[in-house]
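Here are my notes on the model you sent over. Have it open beside you as you read.

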Amino acid sequence: MKALLNHHEREALPTARRLAVTFAAVAALHVVMLALLAVSLRTNHNPVVLGLLITAYLAGVKHSYDWDHIAAIDNSTRRFAAQGRSPVSVGFAFSMGHSMVVVLAGVLVVSGAGISPAALMALPFGFMAAMTLCDTVNGVAMMKMYGSAVVDPRRRIGFNMVITGVSAASALFISVITIAGVLHVMLGLTDPVTTFLAELDLGHAGLALVALLLFIWAAHTWVRRTGEAASATTRRNPPG
């Protein structure tokens, strides 16, 4: 009951405040990452650690644009927004849960290494910081996009139908890629179809999905504004 009350209390907070808290949490992860890096460089004086951290950070950015991330975050955000809620932290929550595996793996590595724990732990925190930042931005952008497109109930139905179709196609696409990849490896297939699907980069596919969603939103906005302009012109200059 207390958790439910806290949930409703959070929902009642202004969206701007909830956004600030969410991005403050993302900033805190970046602070932890930089602190671990500073400690590592101070004790080891090894510039290789900085290069590894940059690599881990960029890997987190790339991983956040995998097709499964985009589809999961956008679908959840759209569903909450359709219920009249402001899901500002969907991307952050998804990313935190997803990246905790990386942090736990880092802890296990640190526990058994003659290497600086700060240096090793900076890597998973860098990965987590980058992924939470990008996933949070993605979730907030989807919330804003959906919120601006559902003012008119009739247009909301059309927008929902299109986005639902894209989401269903996304889920099918991910399933096909996964199954094809497994079959390609387990059965040693060499045909061009499964080879192509097994080698497909989900990060690049995720960026294509982002571009498609932005195109749909832009097209919807253009149609809406064109219709509003035509209606305003008709009201100012009624026929006859």
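1. H2 has 30 residues, and its first and last C-alpha atoms lie 44 Å apart, close to the 44 Å expected at 1.5 Å a residue (the expected span is 1.5 Å times one less than the number of residues). Helices here are DSSP runs of H or I with at least four residues, strands are runs of E with at least two, and both are numbered from the N terminus. Among the buried residues of H2 are Leu29, His30, Met33, Leu36 and Leu37; buried means under 20% relative accessible area, exposed over 50%, and partly exposed in between, with a 1.4 Å probe and protein chains only.

2. A word on the source: this is a predicted model, in which local features need pLDDT of at least 70, side-chain atom pairs count only at pLDDT 80 or more, and totals for chains, interfaces and linings use all residues. Residues are numbered from 1 along each chain as its sequence is written, and side-chain values use heavy atoms, with hydrogens and water left out.

3. The protein has nine helices and zero strands. Buried residues make up 35% of its 240 residues.

4. Which residues have the most contacts inside the largest nonpolar core? They are Leu29, Leu36, Leu53, Met121 and Phe125, in a core of 16 residues. A nonpolar core is a set of buried Ala, Val, Leu, Ile, Met, Phe, Trp, Tyr and Cys residues joined through side-chain atoms within 4.5 Å. Helices H2 (15-44), H3 (48-64), H5 (90-111) and H6 (117-149) each give two or more residues to this core, and H6 gives the most, with seven.

5. Leu36 touches Ala118, Met121, Ala122 and Phe125, leaving aside residues up to four places away in sequence; contact means heavy atoms within 4.5 Å. Apart from this core lies another, of 15 residues, including Trp67, Ala71, Tyr146 and Leu213.

6. Helix H4 (residues 67-82) passes the length check too: its 16 residues should span 22 Å at 1.5 Å a residue, and its end C-alpha atoms are 22 Å apart. Trp67, His69, Ile70 and Ala71 are among the buried residues of H4. Just after H4, Gly84 takes a positive phi of about 80 degrees.

7. Is Met186 buried or exposed? Met186 is exposed, because its relative accessible area is 67%.
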